[in-house]
Each structure stands twice: as C-alpha cells, then as structure tokens.
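Morning, everyone. I'd like to walk you through one model today. Please keep the picture in view while I talk.

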There are 4 protein chains.
Amino acid sequence: MRQRYFWVVGGDQRQAALAEALAGDGHRVAAWRLDRAELSQSVERAESLEGIDRAECVILPLPVRGEGDALSAPLSSQTQLLDDLFARLQPRQYLCGGRVDSRVFALADRHGLAIHDYFTREELAVANAVPTAEGAVQIALEEMGVTLHRCRALVLGYGRVGRLTAHRLAALGARVSVAARRYDALAWAEAYGHDTLRLGELSGYLCGFDLLVNTVPSRVLGKELLEQLKDGCLVIDLASKPGGVDFQRAAELGVRCVWALSLPGKVAPVSAGAAIRDTVYNMLREES
Amino acid sequence: MRQRYFWVVGGDQRQAALAEALAGDGHRVAAWRLDRAELSQSVERAESLEGIDRAECVILPLPVRGEGDALSAPLSSQTQLLDDLFARLQPRQYLCGGRVDSRVFALADRHGLAIHDYFTREELAVANAVPTAEGAVQIALEEMGVTLHRCRALVLGYGRVGRLTAHRLAALGARVSVAARRYDALAWAEAYGHDTLRLGELSGYLCGFDLLVNTVPSRVLGKELLEQLKDGCLVIDLASKPGGVDFQRAAELGVRCVWALSLPGKVAPVSAGAAIRDTVYNMLREES
Amino acid sequence: MRQRYFWVVGGDQRQAALAEALAGDGHRVAAWRLDRAELSQSVERAESLEGIDRAECVILPLPVRGEGDALSAPLSSQTQLLDDLFARLQPRQYLCGGRVDSRVFALADRHGLAIHDYFTREELAVANAVPTAEGAVQIALEEMGVTLHRCRALVLGYGRVGRLTAHRLAALGARVSVAARRYDALAWAEAYGHDTLRLGELSGYLCGFDLLVNTVPSRVLGKELLEQLKDGCLVIDLASKPGGVDFQRAAELGVRCVWALSLPGKVAPVSAGAAIRDTVYNMLREES
Amino acid sequence: MRQRYFWVVGGDQRQAALAEALAGDGHRVAAWRLDRAELSQSVERAESLEGIDRAECVILPLPVRGEGDALSAPLSSQTQLLDDLFARLQPRQYLCGGRVDSRVFALADRHGLAIHDYFTREELAVANAVPTAEGAVQIALEEMGVTLHRCRALVLGYGRVGRLTAHRLAALGARVSVAARRYDALAWAEAYGHDTLRLGELSGYLCGFDLLVNTVPSRVLGKELLEQLKDGCLVIDLASKPGGVDFQRAAELGVRCVWALSLPGKVAPVSAGAAIRDTVYNMLREES
C-alpha cells in the first residue's frame with residue numbers, strides 16, 4: 001500500500017495503538033486528542049486541527065461519540081465537539097469511525113460528510129473475537145480454583161466469540177461442551193471436537209460443569225437453570241447488555257458471575273488497534 | 001426419540017451403515033436392495049417391497065437415482081425402478097433421499113409423494129466435511145515424501161472443507177496458509193492461527209509450499225500458478241467437477257495432482273451413514 | 001481402593017482441597033489445624049489430636065515445616081509443634097508430607113517414624129506443572145497489551161514446566177520458540193511443533209519476542225541478553241530461587257519482569273490438592 | 001556451519017534424501033552406491049571410491065550392513081564389501097552409520113577406524129518418532145470405516161512414539177486414552193489431556209475402543225485382551241520384533257491387525273534423511 005497521511009482522532013489506548021501501527025507501516029500519522037497516550041516519535045502530536053484537511057483519511061474512535069455531541073476522548077481533558085471537528089473536513093477525505101450512531105451520521109451529514117463505520121465490518125468482528133476469547137480465558141484462570149485443564153466447561157452460543165472461546169478452552173485441556181440452537185451450529189461444534197447440547201433443552205444437564213461461558217445476547221440463564229449449577233461453578237457472561245444471565249437471581253443463589261464487556265480494548269488494546277488498522281486498510285482498498 | 005419403523009432402500013456402504021446405526025438406536029429397520037452389504041441380525045433384510053407401506057420413514061440413498069429411472073443400488077444386482085418403488089408408498093409416510101434431482105421429484109410427484117432431500121441440509125454438509133478433510137490428510141500422508149509435520153501447506157478456500165482441512169493439517173504440525181477471497185474468511189483463518197493470502201493474488205507466493213489443497217469449485221490453479229509450484233509439490237483437489245485445477249497443464253508440467261471426489265463414502269462410510277442418520281432425526285424432529 | 005481413615009494436618013487451601021477430595025472418594029477424613037478453611041460436612045474437624053492414632057494415613061502439608069519446629073499451618077492461629085504431633089503417631093501408620101527437610105526427618109526419627117515425601121514423586125511434579133503452566137498463561141494474559149494469539153513467545157528450558165507452558169502458549173495461537181541446551185530436548189520441542197534455539201546461543205535472536213518465559217533455574221537472562229529485548233517484551237520467570245533473571249538489571253533497563261513462584265497453590269489450589277491425593281494413593285498402592 | 005565434503009554411501013531413499021539435504025545446505029556431496037536414486041545436479045555421483053579419502057565425513061546407511069559383510073545398498077545392483085570400503089578410509093575422517101552392529105565395528109576396527117552410530121542418538125530417535133506417528137495415523141485413516149474424529153483410541157505405551165501418536169490422534173479429534181505402567185508416564189499423558197489406564201490392568205476396559213495402537217515392545221496384547229476387543233476394532237502394532245500382539249490368536253479371532261515396522265523410511269524418506277543430517281551435524285559439532 002502506498003504511503004498515506006492519516007489523522008487519528010480521540011479514543012482510548014486502541015486508538016493510540018492504531019496510530020502507532022499505521023506509523024509502523026510507514027504512513028504519516030497525526031494524533032489529536034490523545035494527549036495522555038504514550039506515543040513514539042513516529043506519530044506527530046497535532047497542536048490544533050490545523051492540517052487535518054490535508055489528511056487523506058481521518059479515523060474517529062470506537063465509539064465515536066462520548067457525552068453529548070462531543071468526541072469520545074478519554075485520554076484527553078479537552079472537550080472536542082464533533083461539529084467543530086467535522087467543520088474542518090472535506091467530502092473528498094475518507095472519514096471513518098466505530099459504532100457510528102444516528103446522531104453522528106446526522107452531524108456529519110450537515111457538513112456533507114459520509115462516515116464509514118469500521119465496526120460493522122465482519123472481519124473486525126472476527127478479529128475482535130480473539131481478544132474477547134482470551135479475556136474469557138483470563139477471567140476463568142483468575143477466578144477458578146481448579147485448572148482449566150480437565151475442567152468441564154459449557155459455552156452457550158457458537159457464533160464468533162463462542163467458537164473462539166470454545167477452541168481456546170479445549171486447547172487448554174478443558175472438556176468443552178457447546179450449546180446452540182441451530183443444527184448447523186451444533187454440527188460445527190462437533191466438527192471442532194466439542195460435545196453438544198441443544199440450547200433450549202439445557203435443564204437437567206448443567207450439574208456437571210465447572211465453568212459456563214455465555215455468548216448469547218438474550219436471557220438464557222434464568223432462575224431455573226441457575227439453580228441447577230454445581231456449587232462453585234463460575235459463570236462468565238460475554239453477552240452485551242442486557243446480558244444473558246439473571247444476575248440478581250444469581251447473586252441470591254450465590255452463583256459467582258462475571259459480566260465482562262468490551263474485552264478487546266481492555267485486555268489487548270494493541271491488538272485491538274491493529275485490527276482496526278487492518279480493517280481500515282481493507283475499506284480503503286475497496287474504495288479505490 | 002420414540003421407536004420408529006424405517007425402510008432403508010438402495011445405496012452403498014453408507015446406506016448399510018445407516019441401517020445399522022438406526023437399528024443400534026433401537027429402531028425397527030428393514031433393508032432393501034442392499035443385498036451384498038454385511039448386515040447384523042438387528043436389521044431385517046426385506047424379501048420384497050411387501051411391508052414398505054407400513055414404514056413411518058423410508059430413506060432413499062445418496063444419490064437417489066442411478067442409471068435411467070432406477071434406484072441407485074450398487075450393492076444389489078437387481079434393478080429397482082423408482083416408479084415401482086414409489087407406487088408402494090403413501091403420502092403419510094416420511095420419504096427422504098440425498099441429491100434428489102428434478103427427475104426424481106417428478107417421478108415422486110406422480111404418486112403424490114414429497115421427497116425431502118437430506119443432502120441439502122447444512123448440518124450434513126458440515127458433518128461430511130469431516131471425513132472429506134480426513135481423506136485429504138490421508139492422501140497427503142500417502143503421497144508425500146516429507147512429513148506433514150513442519151511441511152508448508154496452502155489451503156485454497158475457507159468454507160466447510162477448507163476450514164476443517166486447514167485445522168487438521170495444522171494439528172499435525174504443518175505450517176498452514178489459507179487463501180480466500182473474502183476479508184471475513186481471511187479473518188477467520190487468522191483467528192484459527194493460519195497465515196493468509198488473497199485468493200486472487202497468489203502469483204509469486206506459491207514457491208514455498210509442499211502441499212496445496214484446493215476446495216474452491218472454480219479454475220483457481222491454471223497454467224500460470226502451476227508453473228510456480230516447487231518441484232515435488234503435491235496438489236490435492238477436493239472441488240467437485242470441473243475441479244479447480246487445470247489437470248492437463250499440470251500433467252504436462254509434471255505436477256502431481258490427486259483429484260479426490262466423494263471422499264466421505266470412500267474413507268469413512270460408517271461415519272457418513274451415522275451423519276445421515278443424525279440429519280434424518282433432525283428432519284423428523286422438525287416435522288413433528 | 002478400599003475405604004480408609006485419613007488425617008489431613010495443617011497446610012493451606014491445597015490441604016483443605018485434599019481433605020475434600022479424599023472425602024469425596026468415600027474415605028473417612030479428619031482435618032486438623034485447618035481452622036479457617038471452608039470444609040464441607042463430609043470432613044470431620046478434629047477438636048484435638050485425640051483419635052489421630054487411629055488414622056491409617058496421616059498427611060502433612062507442603063511444606064511440612066513452618067517457623068522453627070512448628071507445623072506449617074497458615075489457616076490456623078494455633079501453633080502446633082511437630083514434636084507434639086509426632087508423639088501421638090505410631091510407626092504402623094503411613095505418614096507423608098511435602099518438601100520434608102532434614103530437620104523434619106530428624107524430628108520424626110526421634111519418635112521412630114518414617115515420613116514419605118510426596119513432593120519428590122515425579123508424577124506430582126508433572127501434575128503440578130499443569131497449574132504452573134496455566135499460571136504463566138494467566139500472567140501473560142494479564143500483563144500483555146497484545147493478544148497471545150500470534151504473539152512471539154520464547155520458552156527457556158524444556159523440562160516439565162517448559163513443555164506444558166510451550167504447549168499452552170502454542171494452543172492459544174502464539175508462535176512459540178523453545179531454547180534448550182540438550183539436543184534431545186530440542187528434538188522434542190520440534191516434534192511438538194515449536195521452533196528451537198540453542199540455550200547458550202541466544203545472543204542476537206531475542207529482538208523479535210513479545211514474551212519470554214524462563215523455566216531454567218540458573219541465571220540465563222543476564223545483562224547482555226536483557227539489553228537485546230524488544231521494547232515492551234514481558235519476562236515471566238518461573239524458576240525457583242535465585243531465579244533465572246538478573247532482576248536488578250532488568251529494573252534498570254525498564255524490562256517488565258514477573259517472578260512467579262509456587263503457582264499451583266496460588267492459581268489452582270483445588271487441582272493442586274487433588275494431585276497430592278492421587279500421589280498419596282499411588283504411594284499407598286505401592287506400599288501394600 | 002562451514003562448508004564440508006561429505007560422502008554418502010549406500011542405503012535407500014533416506015540416504016538419497018540425506019545427500020540432497022547436505023548439498024542443499026551448501027556442502028560438497030558425493031554419492032556412492034545410490035545408483036537408482038534420482039539425484040539433483042548438486043550431488044556428485046561417484047564413479048568409483050576414488051576420492052573418498054578426501055571426504056571429511058563419510059556417512060554409511062541405516063542399517064550399515066546388508067547381506068553378509070556387504071554394505072546395505074538396495075538402490076544399487078553392485079555388491080560393495082565393507083572391508084573394501086573401509087580400506088580406502090583414514091582414521092582422521094569422521095565415519096558414521098546407523099544401527100552399527102558388532103560385526104561392522106569389528107570390520108572397521110581392523111582398519112583402525114572408529115564408527116559413530118547416529119542411530120543411538122536420542123535426538124534422532126525423537127525425530128524418527130514423528131514419521132512413525134504419522135505412519136500410524138495414515139494406517140488408521142486407510143483401514144477404518146469410521147473417522148478418527150470422535151473415534152475412541154487407546155495408545156499402549158507412552159514413550160517417544162506413544163506420545164507423538166497420542167498427540168496426533170487427539171489433534172484429529174479422536175478421544176485418546178493412554179495405557180502405561182509408570183505413574184509419571186500416566187501423569188504426562190494426563191497433562192497432555194489424555195485419559196489413562198494402567199497397562200497391567202486393561203482387562204475389562206477394552207470393549208469401547210475403535211482403535212488400539214501398541215508401542216510397547218513386549219507381548220501386551222495376548223489372547224485374553226484380544227477377545228475383549230469390540231468387533232471391527234483395528235489394532236496397529238508399532239513395536240519392533242517380536243511385536244506386542246499375539247498375531248496368530250488375533251487372526252483366529254478375526255481381529256484386524258497391522259504390524260507396521262520401519263515407518264520413517266517408508267512414509268517420509270525425505271524427512272527421515274533430513275533428520276539424519278541434523279543428527280550428523282550435532283555429532284560433528286560435538287566432535288570439534
């Protein structure tokens with residue numbers, strides 16, 4: 001890929017890692033509103049928005065929007081209104097960001113700008129499933145008194161995160177069962193060597209497990225199933241809000257639950273930033 | 001599942017294994033036109049079509065149709081016209097078969113019968129990818145003078161067969177690269193630990209490989225790429241007709257190619273039969 | 001194995017888990033000086049040493065000795081002199097403990113008792129290498145900003161812990177190299193799919209690694225090698241005192257080091273207790 | 001390693017591959033009594049023994065001796081007496097061979113020559129266990145009607161070949177149990193995720209297995225155990241003569257047995273030759 005000029009704007013450690021990754025590939029990179037990030041010499045720290053109009057590609061953070069209509073910029077103590085930012089950009093520049101919501105689309109549109117959402121890209125979702133799965137493994141290692149080796153684990157759901165989590169648990173020696181609803185998902189789980197359960201028919205089958213990892217974004221672990229868990233069974237919920245576990249009931253029953261959200265940015269910001277870079281490259285390649 | 005009465009009709013060793021698997025689960029099973037199959041006592045050998053109208057489920061082979069309008073029945077020396085068979089069946093019976101073509105649908109329709117094609121089911125396609133991948137491994141082990149351990153392998157395509165083949169080669173210690181067209185397929189291959197190449201951009205990258213396994217059903221390995229292969233590189237083509245390799249050119253260049261079709265029935269008929277059974281169970285469960 | 005009467009005496013969570021594991025197998029089990037341990041109903045809490053002379057097997061903790069000549073009993077606020085304990089035992093009882101030192105042997109000998117050291121058993125050393133390896137993985141997951149997936153890791157030493165750590169890192173997608181001194185150790189590492197380096201010839205080869213895990217109990221990582229590490233490389237030292245890393249130099253160079261000792265009891269006390277149980281069973285079997 | 005001058009003398013495809021591997025590393029290589037081997041231009045075909053006295057290292061085949069006192073040279077129609085060969089060599093040359101027997105040692109000694117046996121080196125034994133394990137997998141794939149995936153396999157013995165075979169079978173999705181005699185071997189098998197059985201206590205536990213792979217070089221599978229095998233169970237015996245299976249009894253009982261000897265040279269001569277090269281390098285390094 002030919003050398004380009006990027007502005008990396010706002011965001012957290014992932015965004016800082018993204019800036020470094022782009023610079024490491026030989027691109028010219030300016031960082032804005034990443035004040036508290038440690039950055040190498042190869043990334044320019046912009047002093048103002050001066051010059052952003054010369055960037056070929058401007059990368060907004062994940063998520064784009066923080067409080068109100070401001071840019072999400074947890075590493076900066078300055079507030080940057082999106083409107084002021086967009087006012088400096090030109091339609092010919094490639095503008096992208098993560099989890100772009102309707103408010104952001106509307107703000108950009110006022111300035112005649114199109115924003116491309118990298119977070120909707122399938123390849124980024126897959127790449128993010130890797131640190132999520134590693135985060136689940138880390139939590140299991142931290143919280144369990146038994147080794148993952150030879151423990152009995154049940155993974156609920158066999159989508160991106162379920163697949164990669166089941167794979168890692170099995171690789172560490174756990175005996176992994178997978179519960180899914182669709183026959184083809186169950187066939188895939190079998191093909192990768194896991195035992196399988198029907199997701200709607202778990203009642204009566206839960207008492208043997210030391211670990212449950214939920215990836216299904218609906219209330220799959222309610223009172224009835226929680227009551228069947230073995231003493232000391234750990235439940236890790238990776239599902240986004242409202243989560244897959246009845247946490248109140250779990251607390252009443254003394255079931256240990258960890259609800260882990262947004263793991264990629266927490267457990268592996270450098271890899272998460274690199275994944276965003278790769279996705280932006282793909283988007284630029286498709287554009288041209 | 002409650003006990004049922006099955007007729008298993010025609011077909012090869014898979015169909016024989018299917019009959020045994022059904023009987024092993026406690027069902028009543030009759031076999032017809034499986035004359036040369038070794039069958040245990042638990043499967044009844046039908047002497048005629050007498051009684052087939054009492055079966056709850058009649059399972060035709062994969063494929064259903066042999067020569068002309070006859071049942072495919074390689075283990076029988078008798079010809080069984082499909083028309084005569086269908087004449088004995090009732091619409092209330094559950095009739096299924098594999099690779100049902102328009103001619104078979106039409107013949108059944110004349111008798112007011114619906115045939116359900118188990119071969120179109122995704123879970124069977126996934127289950128069949130396992131013996132296909134094992135067959136590819138077997139061919140590689142047989143044909144190569146180096147160990148799979150530490151050899152360099154390239155898998156073309158990352159669908160069902162590509163995934164499971166790449167997984168097995170890597171598990172045996174090969175350094176596996178995957179070539180695919182779509183970014184999300186490449187992200188999956190990375191997530192499972194493989195190196196990746198863009199399928200349309202292979203030229204110049206093939207000289208390091210000891211083994212190529214193609215799963216893409218279009219001519220991906222033409223003259224230009226074949227010429228770049230390392231001396232002694234083995235090419236296994238798992239793609240259905242017309243295959244993904246220019247075999248004539250490969251022969252001229254002295255490239256060793258193995259075109260392997262219909263592996264499940266050849267390398268693991270018992271597992272292939274069990275996979276059909278599981279799929280038929282799923283179909284019956286959805287029916288009721 | 002027939003039902004026996006065990007006394008489990010002193011120790012930490014592993015010893016508590018051992019008591020539970022024995023009781024879970026149907027044995028009669030009394031616990032002494034495990035006051036703050038949570039124990040189920042199936043384990044009797046002894047009120048005094050009354051009755052210990054009726055035990056067939058008395059299991060002392062790992063290590064046996066705490067301060068001075070007292071039993072190691074971190075879960076009790078009472079001091080239990082080993083001498084008083086041994087005075088209650090008979091030579092016909094099977095007495096065992098972990099890391100039995102010469103002082104303990106001498107004290108036991110005064111009372112005509114032989115102590116068998118389960119910690120010298122090879123099978124326990126292997127079993128303990130599993131939680132140690134998992135602990136190393138946990139630390140790596142916690143401390144690194146990149147995923148283990150696709151990171152470059154170097155394991156120094158290929159004994160028990162080195163093998164199982166390399167195996168787990170590779171299973172999680174890391175590209176693992178192993179450094180060892182002996183040719184056969186290097187051959188084993190290759191056979192399990194790792195790249196290899198000669199332990200004495202690391203200089204110049206370290207700059208690519210994101211993670212080093214040392215298992216060699218001698219100063220293998222001195223000033224010269226530490227200076228070659230890539231910025232941000234994490235070093236985990238699993239070697240017992242004095243460790244394999246020049247920690248002072250590492251601190252001066254800003255190399256992140258984690259010196260992790262006694263991981264089994266910390267990361268997986270329940271599994272560590274079960275491993276002691278299995279080993280004691282083997283010892284009793286050999287005795288009879 | 002600096003460039004050297006090798007003579008590669010006699011032997012089969014492994015020896016030819018060895019010659020190529022040495023030449024591929026930039027050494028000067030002459031081949032003798034490898035007449036029917038296909039050799040590239042980079043290997044000189046010696047016309048006579050002229051010049052062998054200038055080689056720094058002369059590598060005899062595995063095994064060294066064929067019929068009588070002749071060199072083992074299955075790729076040549078000429079008989080080469082070892083005595084005539086040794087008469088042309090000098091003590092300062094490094095002479096090595098595989099499976100050197102007392103007769104060969106005596107013949108060499110007459111000429112004042114020391115022969116170093118590479119086959120006694122542990123690293124070669126480990127390296128050869130890889131193609132042996134792959135060969136076992138190949139046989140299992142060829143002979144079984146079920147997939148290795150999800151089949152139940154028992155590996156007898158957990159030495160070099162047992163370990164690597166169990167590892168590969170598990171990697172392909174088999175549920176692998178390991179039987180061994182020593183507690184530490186069983187602990188290792190558990191640590192690598194296999195189930196375990198005591199080797200002397202197999203009776204009553206064999207009926208569930210689809211595949212047995214024996215690596216123990218003593219009669220472990222006699223009449224009593226063979227009778228307990230499940231119908232259709234495949235037995236692969238990798239143990240050297242006299243093998244671990246009572247083959248006559250197995251034949252009477254209709255148990256399918258494959259006795260597979262000397263697999264490395266058969267299934268992967270190129271890798272086997274490369275392993276000899278690596279070992280010879282190690283020997284030369286230790287010499288200097």
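This is a predicted model: local features need pLDDT of at least 70, side-chain atom pairs count only at pLDDT 80 or more; totals for chains, interfaces and linings use all residues.

Let's begin with chain A. Find the open sheet with the strand order β9-β8-β7-β10-β11-β12. Six strands form this sheet, and their pairing is parallel. As background, strands of a sheet pair through backbone hydrogen bonds, either parallel or antiparallel. Which strands sit at the edges of the sheet in chain A? They are β9, residues 195–198, and β12, residues 256–259. Each of these two pairs on one side only. Neighbouring strands are turned by 20° against each other on average, if we ignore direction.

Now zoom in on one pair in that sheet. Strand β10 of chain A covers residues 211–214, and strand β11 covers residues 234–237. Four bridges link them, in the parallel sense. In one of those pairings, A:L211 has A:L234 of β11(A) as its bridge partner.

α5(A) touches β7, β8 and β10 of chain A. Its direction makes about 165° with that of β8(A). α6(A) touches β8 and β9 of chain A. For α6(A), the angle with β8(A) is about 170°.

Next, chain C. Look for an open sheet in the order β3-β2-β1-β4-β5-β6. It has six strands, paired in parallel. At its edges are β3, residues 44–45, and β6, residues 115–117. Strands β4 and β5 of chain C run parallel and are joined by three bridges. Here C:C57 has C:Y94 of β5(C) as its bridge partner. Helix α10 of chain C, residues 269–287, lies across β4, β5 and β6. It runs at about 145° to β5(C).

On to chain B, and a pair of helices. Two packed helices are described by the angle between their axes and the distance between the axes. How do α4 and α5 of chain B cross? Their axes come within 8 Å and cross at roughly 45°. The crossing is right-handed. On the α4(B) side, the contact includes B:A125, B:A129 and B:A133. On the α5(B) side, it includes B:V161, B:L164 and B:R168. By class, the contact has ten nonpolar, two polar and three charged residues.

Last part: how the chains meet. Start with A and B. 14 residues of chain A are in contact with 14 residues of chain B. On the chain A side, α4 and α6 each supply at least two residues. That side has ten nonpolar, one polar and three charged residues.

Why do we say the copies meet through the same surface? Because 100% of the interface residues of chain A are also interface residues in chain B. Chain A can be laid on chain B by a turn of 180° and a shift of 0.0 Å along the axis, with an RMSD of 0.0 Å. The two copies are therefore related as by a two-fold rotation axis.

Now A and C. Here 20 residues of chain A are in contact with 20 residues of chain C. α4, α5 and α10 of chain A each supply at least two residues of the chain A side. The largest share, seven residues, comes from α4(A). By class, the chain A side divides into twelve nonpolar, five polar and three charged residues.

That's my tour. Over to you.

Conventions
Residues are numbered from 1 along each chain as its sequence is written. Chains are lettered from A and ligands numbered from 1 in the order in which they are written. Axes are lines fitted to C-alpha atoms, for helices over the stretch in contact, and angles run from 0 to 180 degrees between N-to-C directions. A crossing is left-handed if the near helix is turned anticlockwise from the far one by less than a right angle, and right-handed if clockwise. Two residues are in contact if their C-beta atoms, placed from the backbone, lie within 7 Å. Ala, Val, Leu, Ile, Met, Phe, Trp, Tyr, Cys and Pro count as nonpolar, Asp, Glu, Lys and Arg as charged, and the others, Gly among them, as polar. Two strands pair if DSSP finds at least two bridges between them. Copies are superposed by least squares on the C-alpha atoms of residues with pLDDT of at least 70 in both.
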